[in-house]
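Open the model in your viewer and keep the sequence panel beside it. This tour goes stop by stop, with something to select at each one.

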Amino acid sequence: MSKKVYCIAQFLPKPGQEKALFKVLQSLEPNTLREDGCIAYRVTRHLTSPFAEGKSFPIAFNEIWQDMASFEAHCQRNEISDFFATYCQAEDGLAADWNVCIYTDEPEDFDAPVLD
């Protein structure tokens, strides 16, 4: 049974703030990648392509966590909570909006074997 948690955290920068917000988000990568439960943590910028015309915020973190406990511990780190307070929730922050969602790769009724 997979216990991995996949997170997509998208950010909509305020006008003219995309480069600055991307740089701040990049600064979160080194310490997060040191976390025991972090498998992957990469901030990305949206690209245009006629083969991928979906709607999205222009900046997105693609994250993979060992399990839910690892993801939730990450969210409670001071560096992460300070980021959201300073750059998302503050009136003078760089983000106009954000959307953080988590996913599993396990089917809903998966009959995973029980290992002792």
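Which residue forms a salt bridge with R42? Select R42 and E29: the two form a salt bridge, and their closest N and O atoms are 3.2 Å apart. A salt bridge here is a side-chain nitrogen of Lys or Arg within 4 Å of a carboxyl oxygen of Asp or Glu.

Before moving on, note that this is a predicted model, in which local features need pLDDT of at least 70 and side-chain atom pairs count only at pLDDT 80 or more, while totals for chains, interfaces and linings use all residues. Residues are numbered from 1 along each chain as its sequence is written, and side-chain values use heavy atoms, with hydrogens and water left out.

**Stop 1: the salt bridges**

Stay with R42 and E29. R42 sits in strand β2 and E29 in helix α2 (residues 29-33), so their pair ties together parts that are 13 residues apart in sequence. Helices (H or I, at least four residues) and strands (E, at least two) are DSSP runs, numbered from the N terminus. Now colour by accessibility. E29 is buried, at 10% relative accessible area. R42 is partly exposed, at 47%. Buried means under 20% relative accessible area, exposed over 50%, and partly exposed in between (1.4 Å probe, protein chains only).

How many salt bridges does a search of the whole structure find? It finds three. For the next, select E35 and R77, whose closest N and O atoms are 2.9 Å apart. E35 lies in the loop between α2 and β2, and R77 in the loop between α3 (68-75) and α4, so this pair ties together parts that are 42 residues apart in sequence. E35 counts as buried, at 15% relative accessibility. R77 is partly exposed, at 22%, and E79 is partly exposed, at 25%.

**Stop 2: H74**

Select H74, in helix α3. Is H74 buried or exposed? H74 is buried, with a relative accessible area of 3%. Show what surrounds H74. Leaving aside neighbours within four places in sequence, H74 is in contact (heavy atoms within 4.5 Å) with T32, E35, Y41, E63, W65 and I80.

**Stop 3: the sheet**

Switch to the cartoon view. Four strands form an open sheet in the order β2-β3-β1-β4, with antiparallel pairing. Two strands pair if DSSP finds at least two bridges between them. The edge strands are β2 and β4 (95-103), and each of these pairs on one side only. Neighbouring strands of the sheet are turned by 10 degrees against each other on average, direction ignored. Axes are lines fitted to C-alpha atoms, for helices over the stretch in contact, and angles run from 0 to 180 degrees between N-to-C directions.

Next, select β1 and β3. These two pair in the antiparallel sense over seven bridges. Pick Y6: its bridge partner in β3 is I64. Helix α4 packs on the sheet, touching β1, β2 and β4, and its direction makes about 140 degrees with that of β4.

Now turn to β1 and β4, which pair in the antiparallel sense over eight bridges. Click C7. Its bridge partner in β4 is I102, and C7 stands opposite E63 in β3.

**Stop 4: the core**

Which residues have the most contacts inside the largest nonpolar core? Select F11, L21, L25, F61 and F83; that core has 21 residues. The elements giving two or more residues to this core are β1 (5-13), α1 (18-26), β2 (38-45), β3 (59-65) and α4 (78-89). A nonpolar core is a set of buried Ala, Val, Leu, Ile, Met, Phe, Trp, Tyr and Cys residues joined through side-chain atoms within 4.5 Å. Zoom in on L25. Neighbours within four places in sequence aside, L25 is in contact with F11, V43, I59, F61 and F83.

**Stop 5: the cysteines**

Show the cysteine sulfurs. How many disulfides does the structure hold? There are zero; a disulfide is a pair of cysteine sulfur atoms within 2.5 Å. For C75, the nearest cysteine sulfur is that of C7, 6.7 Å away. C75 is partly exposed, at 33% relative accessible area. Last, select C88. Its sulfur is 12 Å from the closest cysteine sulfur, in C75, too far for a bond. C88 counts as buried, at 5% relative accessibility.
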